[in-house]
Amino acid sequence: MEALVTRRITIECDRIPYQFHNVPLKKILNWIFVEASIYIKPEKPWGWPTHLQIEPDAHCNLRCALCPVTTGLGRPIGHMNASLFKRLMDEIGDYIFLILLWDWGEPFLNPDIYEMISYAKKKGIKVVSSTNGHLFKQIKHADEVIRSGLDSLIIAVDGITQETYELYRQGGDLESVLQGIRMVVTRKCDLNSETPLINLRSVVMKQNEHEIPKLKDLARSLGVDALTLKTLNPYGSDTEFLPENYRYRRFKYAPDGTTRLRRKHNPCKHLWNMPAIHWNGTVCMCTYDSKEEHILGDLNTDTFGKIWFGTPSRRLRRQFRSNWEQIGLCNECSYAYEGGSCIDEIIADAIFFPSRDL
């Protein structure tokens with residue numbers, strides 16, 4: 001209830017804290033109701049989402065191992081139209097605290113992405129996006145992402161040599177990514193901007209875990225704001241990339257080292273606070289529904305409110321509450337296993353660096 005008095009809220013995402021000041025009363029009340037409802041899990045939510053995962057573009061310029069874009073999404077691909085994004089923001093933007101502006105594909109391939117970020121920022125929303133970084137060696141992209149007001153930019157670097165980097169980021173060029181990071185860091189300084197927070201992100205795997213000490217040195221030398229080490233989701237029994245160090249394994253395992261331990265209670269919040277919206281306006285239950293197995297509605301034919309409070313959404317929440325393991329996607333989701341919660345477990349380390357002048 002302190003937030004009602006101070007009008008201040010701190011929300012953490014991937015170990016990065018985001019501060020909100022002078023938050024409107026209706027936004028705070030909605031957040032309180034939503035957070036409270038998560039414990040009850042009603043089929044009709046007590047409020048509007050406080051977070052959104054939005055897919056700006058389903059295309060990608062890489063073919064990363066284990067990624068559904070590489071193996072096949074099984075659905076049409078394209079990029080989100082700015083008018084669709086703005087219509088969504090006009091309807092529910094007053095309730096949203098944080099947008100994760102990526103899902104499947106490289107978000108910055110969308111030609112309207114900077115316009116979309118700026119529009120969300122006008123609504124008082126914090127926006128975080130994730131990229132493979134190849135486009136940012138172009139000064140145009142570096143300047144536009146800074147001027148858009150983006151709060152945090154996650155740049156994926158999963159190896160300090162081309163050999164280790166391309167084992168996972170297939171088709172990628174490490175030097176191009178490093179040039180992109182240097183460009184954004186330099187232009188951020190030139191433009192005297194505090195944002196975006198530049199978060200160097202590494203997915204820890206068997207092939208790169210020995211490089212972590214040197215990765216920390218690299219991050220420091222590049223002038224980024226943070227380095228986050230993310231655990232790998234090996235997707236089932238595939239152990240090719242599974243780290244040796246248990247600290248960097250996403251899940252807890254049985255003594256055989258390969259059998260993941262299942263949870264009794266699934267901690268997922270997505271059906272109550274953060275749906276996923278694909279590039280074409282399809283609303284899905286969460287980011288893991290890459291193949292659209294559980295479609296809640298279509299923003300091209302219905303308002304978000306009708307979808308969020310509608311029958312398909314309520315039916316799915318009821319099923320999740322009564323027996324989440326009967327939902328195939330939930331049964332095999334990261335959240336279904338000990339250690340797999342995206343809320344507070346999948347980032348093994350977050351290292352922050354003091355700002356410096358270039």
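Q: Why does Val177 count as buried?
A: The relative accessibility of Val177 is 0%. Buried means under 20% relative accessible area, exposed means over 50%, and partly exposed lies in between (1.4 Å probe, protein chains only). Val177 therefore counts as buried. This is a predicted model, in which local features need pLDDT of at least 70, side-chain atom pairs count only at pLDDT 80 or more, and totals for chains, interfaces and linings use all residues. Residues are numbered from 1 along each chain as its sequence is written, and side-chain values use heavy atoms, with hydrogens and water left out.

Q: Which residues is Val177 in contact with, leaving aside its neighbours within four places in sequence?
A: Contact means heavy atoms within 4.5 Å. By that rule, Val177 is in contact with Asn132, Gly133, His134, Ile155, Ala156, Val157 and Tyr165. Gly133 is 44 residues from Val177 along the chain, yet their C-alpha atoms are separated by 5.0 Å. Val177 itself is found in helix α8 (residues 174–190); helices (H or I, at least four residues) and strands (E, at least two) are DSSP runs, numbered from the N terminus.

Q: What makes Thr10 partly exposed?
A: The relative accessibility of Thr10 is 45%, so Thr10 counts as partly exposed. Thr10 lies in strand β1 (residues 9–13). Not counting residues up to four places away in sequence, Thr10 touches Pro17, Tyr18 and Gln19.

Q: Why do Asp14 and Arg15 fall into the classes buried and partly exposed?
A: Asp14 has 15% relative accessibility and so counts as buried, whereas Arg15 has a relative accessible area of 33% and is therefore partly exposed. Asp14 is placed in the loop between β1 and β2 (16–20), and Arg15 is found in the loop between β1 and β2 as well. The phi of Asp14 is near 55°, a positive value in a residue other than glycine. Arg15 is not a glycine either, and its phi is positive at about 70°.

Q: What makes α4 and α5 roughly parallel to each other?
A: Helix α4 and helix α5 (residues 113–122) pack at an angle of about 10°, with their axes 10 Å apart. Axes are lines fitted to C-alpha atoms, for helices over the stretch in contact, and angles run from 0 to 180 degrees between N-to-C directions. Angles under 35 degrees count as roughly parallel, over 145 as roughly antiparallel, 65 to 115 as roughly perpendicular and the rest as oblique. α4 and α5 are therefore roughly parallel to each other.

Q: Which residues in α4 meet residues in α5?
A: Ala82, Phe85, Lys86, Met89 and Asp90 of α4 meet Glu115, Met116, Tyr119 and Ala120 of α5. The residues of this contact divide into six nonpolar, no polar and three charged. Here Ala, Val, Leu, Ile, Met, Phe, Trp, Tyr, Cys and Pro count as nonpolar, Asp, Glu, Lys and Arg as charged, and the others, Gly among them, as polar.

Q: Why is the sulfur of Cys330 too far from the closest cysteine sulfur for a bond?
A: A disulfide is a pair of cysteine sulfur atoms within 2.5 Å. The closest cysteine sulfur to that of Cys330 belongs to Cys286 and is 6.5 Å away, which is therefore too far for a bond. Cys330 has a relative accessible area of 6% and so is buried. By the disulfide rule the count comes to zero. Cys64 is in no disulfide, the nearest cysteine sulfur, that of Cys60, being 5.9 Å away. Cys64 also counts as buried, because its relative accessibility is 8%.

Q: In which order do the ten strands form an open sheet?
A: The order is β11-β10-β9-β3-β4-β5-β6-β7-β8-β12, and the pairing is mixed. Two strands pair if DSSP finds at least two bridges between them. The edge strands, β11 (295–298) and β12 (347–352), each pair on one side only.

Q: How many bridges join β7 to β8?
A: Five bridges join these two strands, which run parallel; Asn199, for instance, has Ala226 in β8 as its bridge partner. By contrast, β9 (residues 276–277) and β10 (residues 282–284) run antiparallel and are joined by two bridges.

Q: What makes β7 largely enclosed by the rest of the structure?
A: Six of the seven residues of β7 are buried, so β7 is largely enclosed. β8 is mostly covered, with four of its five residues buried.
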